[in-house]
Amino acid sequence: MDNMVALIARYVSATMHGVDVVVSGSSENPSITWIPESAVIPLVELMPLVEAYAATQQRISAKRRIDTQAETLRSSLLTSGDGQMLVYIQKEAEARSALAAIESGQSIEAVSYPLLAAEIGITADDIVGVAAIVVARADAIRVLLAQIESTRLAAKAALNAATGDMDSIVSAIEWPEIA
């Protein structure tokens, strides 16, 4: 306690004489730092920096919320996971390859298209039917993914241009309808 009383006395004495000080530490171990007048930055000069920092933090937080909302929508279209994404990509490639082969008059065998073959009897009765359905689904999902991405990027651009409340921008986003 004596340390604190001594510290307060030094602080009062310093401030009465126009010397700037910084008080830190705890009540048991207080410290005081004298700041040379040349190093003092008036609060009015610091406020624009503080406000810019706060706006940047709010913008970063708002962008994270936008990304989370976009990912939630994507997850309603696709099963998440890196392995599942690889399956989707490979399955679509197999389906497009199989349909191209058929269109050019070639015969196809299920063994050449293992991911499509895995769906025979589930998605369709034969590999051609499976390939057609996989391509149709991929094309439909691609349109929705593009709409989500366009909305996400437009919202982030609006945040980059904003000087006021970022939350209102996030709240006003009109995401595409997912049926």
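Across the whole structure, a search finds eleven salt bridges, a salt bridge being a side-chain nitrogen of Lys or Arg within 4 Å of a carboxyl oxygen of Asp or Glu. This is a predicted model, in which local features need pLDDT of at least 70 and side-chain atom pairs count only at pLDDT 80 or more, while totals for chains, interfaces and linings use all residues. Residues are numbered from 1 along each chain as its sequence is written, and side-chain values use heavy atoms, with hydrogens and water left out.

**A network of salt bridges**

- The side chains of D67 and R152 form a salt bridge, with N and O at 2.8 Å, and this pair links distant parts of the chain, since D67 belongs to helix α2 (residues 43-77) and R152 to helix α5, 85 residues apart.
- Helices here are DSSP runs of H or I with at least four residues, and they are numbered from the N terminus.
- D67 also meets K156 in a salt bridge, at 2.9 Å from N to O; because D67 lies in helix α2 and K156 in helix α5, this pair ties together parts that are 89 residues apart in sequence.
- Of these residues, D67 is partly exposed, with a relative accessible area of 29%, whereas R152 counts as buried at 13% and K156 is buried at 17%.
- For these words, buried means under 20% relative accessible area, exposed means over 50%, and partly exposed means in between, with a 1.4 Å probe and protein chains only.
- Within helix α2, E71 and R74 are three residues apart, which means that about one helical turn separates them.
- E71 forms a salt bridge with R74, in which the closest N and O atoms are 2.7 Å apart, and E71 is partly exposed, with a relative accessible area of 38%.
- Salt bridges that share partners join D67, E71, R74, E149, R152 and K156 into one network.

**T151 in helix α5**

- T151 is found in helix α5, which covers residues 127-161, and T151 counts as buried at 18% relative accessibility.
- The side chain of T151 reaches the backbone oxygen of Q147 at 2.9 Å.
- When neighbours within four places in sequence are left aside, T151 is in contact with I173, E174, W175 and P176, where contact means heavy atoms within 4.5 Å.

**E119 in a loop**

- E119 lies in the loop between α4 (114-117) and α5, and E119 is buried, with a relative accessible area of 10%.
- Apart from its neighbours within four places in sequence, E119 is in contact with K91, A124, V130 and V134.

**The largest pocket**

- The largest pocket holds about 400 Å³ of space, and of the 14 residues that line this pocket, the closest to its centre are L78, Y88, E92, A138 and I141.
- On a 1 Å grid over the protein atoms alone, a pocket is an open set of points where a 1.4 Å probe fits, with protein on both sides within 12 Å along at least five of seven lines, and lining residues have an atom within 4 Å of a point.
- Helices α3 (82-103) and α5 each supply at least two residues of the lining, and α5 gives the most, with six residues.
- The lining divides into nine nonpolar, no polar and five charged residues, where Asp, Glu, Lys and Arg count as charged, Ala, Val, Leu, Ile, Met, Phe, Trp, Tyr, Cys and Pro as nonpolar, and the others, Gly among them, as polar.

Definitions and conventions:
A polar contact is a pair of N or O atoms within 3.5 Å; within protein, one must be able to donate a hydrogen and the other to accept it, and residues adjacent in sequence count only if both atoms are side-chain atoms. Grid points are joined across faces, edges and corners, and a volume is the space filled by probe spheres set on the points.
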